Amino acid sequence: MNNRLIQLYPMWVDYFLFALLLGILPVAVLLSLYYPNVILEQGLSHRIFYFHVSVAWVALYAPAFSSLFGILYIIRKETNWDTLSYSMSKLSLIFSVMVLFSGPIWAYSAWGTPWDWTDARLQSFFILVVSLLSYFVFRSLITDLNKKAMYSSFLSVLCALNALLTWGAIRWVENPGNHPGSVLGKGGMDRDMKETFWINVLAYHILFLVLFLVIYRKDKLDAKLVQVREEME
Amino acid sequence: MNTSILSCKNLSYTIGYKKIFKNISFEIFASDFTLLTGENGSGKTSLLKLILQSSRKKEFSWDENLLADKERNLISYLGHENGLYSSLSLRENLTFFNRILKHPMPESRINTLLDLFHLTKRLEDPVSTFSEGMKKKSGIIRALLVRPALLLLDEPLNGLDIESTQAFLKVLNTEFADTSILLVAHEIDKISPFVKRRFHIYKGELNHV
Amino acid sequence: MFKYLLLKEFQLIGRAKNGLLSLISLLMAFLFIFHYSLENSGKLDVNSIVGLKWAGIFLLAFILISQVTYEERESGAYRITRLYIPSHLEFLAKSFVLFFLLFLVEIFLLLLLFLFFENLHFALENLLGQFLYFIPGTLSLSFLGVTLSQMSFATRLKEVVLPILLIPLSIPVLIAGMEAERKYFSKGEVSTSSLIVLFAFSILYLSLGLLLREVGED
């Protein structure tokens, strides 16, 4: 990977992705608000499901990407991989916080309480957020750049482990609590719900991609600035 | 011509984005006494620390016979820190470091070094209670426990009194005559009678002076 | 060589009794606070006491971990030891000593729990349950603690960073062990799957720690 390049592809790809995002995200939101029927017991609050599950998917595999980039840094020792891992961790945190916000809103109307301590998935997401916060605290307090990259890579692996445990929380724990099971592979959703769900999944994945490009470019520019400053000394 | 014990080819080293060395190459020969000089911050200590990791870096290659030698440790090192456990006594420190060597030094020899540096009476005291000069002397004894292929010394004369400096240089020149030594020092006048070669680091490059 | 390493580690701990005493005094204060604030309104059940036991060790272990691991890095002795001793031996020795000390603290913690909380009865048949999951859990904590202490030493506020890293990343072990132990005391069942999970964590943290020792050179 060329260290000098900030943008690896033509500008029209950027315009296309932004346009796609501007088109699909409002459609997804509006669809989730007006199109499918709701589950009667939960009422309108059920519609947050389309947002909550979509961002939760991203929040769970973003740490895996971060750890993969971290492992590549450990092997290749090129700072670009560390920058990629760092950017991906930021996204993990953003989307995990979105899950922690939307979850209690939904839980309050569905279960009557915003936080159910018996729910394995909620608790494990909380742990994931705390792990990611500790990752950023650690990075901010380490001065040696080589060690920052190396140790952050190891931490990203540990955060990915927490993400894996969060994914498995409703599958492996004996009494996972009130949290609904996986939406995949089950015939439980009506057609309108399924369509809305998959459009939302696509929309938030595009949001994830666009945010990743923006954040990664910003981080790469920051790294470049530090490099130029040090070369000038 | 002495044989080469350690060869370094095209070593570059960066701390963060700051280039410390740019493709430096050098060789250390058997029984050589090499002085390493350079301005503050030029990378002298970094070079010594890189040599400490030489077995894991592809830029370095050791003489095969030395690598295969089961009786001789490759390196001994004295850095800015004395390399001792502050809360343990001098005896406990020396005992531990002597035991983990491939060829432990006889106790009589250790006692001789302790007498030479006037530390015998402080053998049972924790190193944390020593003065800076005494800590430096303790670190020197620890570094001299082993007869390595290469002895790395980073400003060993800092904080030493005149008598200890003379004693230390005498030991280096007599008992460690068959050991390659790479020494960082600013007191060139004291060292120069013993030095065979000199490396100078300047702006990331290593020059043979 | 391993025995000399262990001897050195125990000598270091012998000189640094303040770390052990700090942990013990904090544990006593921690338990007293919970005893005073919670037992007044009704005796805590066994499940809650099990939670207190795990929480006490996992929250406060960083004190002992920092004591065991930081001292030798302060004056460069670690760098010299690494010259002559393979990294995996050094890591294992450190982890073993830490595990042993945490085990001693756990025995003391149990005695305090028997003293403060009425619903926890001292009985030989209960002792198996008290240690069955605690031991692999503490082993995981030891490996993870030594690994994270190496990382935190490179930071500006190492005493602060170590608990910030250790507590969130050890929560999965805490939950797995605590739930298994609660199930043991409520139903009398030994969960082999939980034991496997706890030992799997130990192996994972051991592997990560050994790898970090190799690649994260000073």
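Predicted model: local features only at pLDDT ≥ 70, side-chain atom pairs only at ≥ 80, totals over all residues.

Biologist: Fine. How many residues of chain C and chain B are in the contact?

Modeller: Chain C gives 19 residues and chain B gives 20. Contact here puts two C-beta atoms, placed from the backbone, within 7 Å.

Biologist: Which helices of chain C each supply at least two residues there?

Modeller: Helix H1 (2–15), helix H3 (46–74) and helix H4 (77–84) of chain C. Elements are DSSP runs numbered from the N terminus: helices are H or I with at least four residues, strands are E with at least two.

Biologist: And what classes does that side of chain C have?

Modeller: 9 nonpolar, 3 polar and 7 charged residues on the side of chain C that touches chain B. Nonpolar is Ala, Val, Leu, Ile, Met, Phe, Trp, Tyr, Cys and Pro; charged is Asp, Glu, Lys and Arg; the others, Gly among them, are polar.

Biologist: Now A against B. How many residues are in contact?

Modeller: 6 from chain A and 4 from chain B. On the chain A side, helix H5 (145–172) and helix H6 (191–232) give two or more residues. H6(A) has the largest share, with 4 residues.

Biologist: Switching to strands. What does S8 of chain B pair with?

Modeller: Strand S3 (33–38) and strand S8 (197–202) of chain B pair in the parallel sense over 5 bridges. Pairing needs at least two DSSP bridges between the strands. One of the partners is B:Gly38, bridged to B:Ile201. S8(B) also runs antiparallel to strand S9 (205–208) of chain B, with 4 bridges. There, B:His200 stands opposite B:Asn207.

Biologist: What lies between S8(B) and S9(B)?

Modeller: 2 residues, in a hairpin. B:Lys203 in that turn has a positive phi of about 50°.

Biologist: What is the strand order in the open sheet of chain B?

Modeller: S2-S1-S4, with antiparallel pairing.

Biologist: Why is one side of S2 and S4 left without a neighbour?

Modeller: Strand S2 (18–29) and strand S4 (60–62) of chain B are at the edges with a single partner strand each, so one side has no neighbour in the sheet.

Biologist: How many bridges join S1(B) to S2(B)?

Modeller: 8, between S2(B) and strand S1 (4–15) of chain B. B:Ser4 sits opposite B:Phe29.

Definitions and conventions:
Residues numbered from 1 in each chain as written. Chains lettered and ligands numbered in written order.
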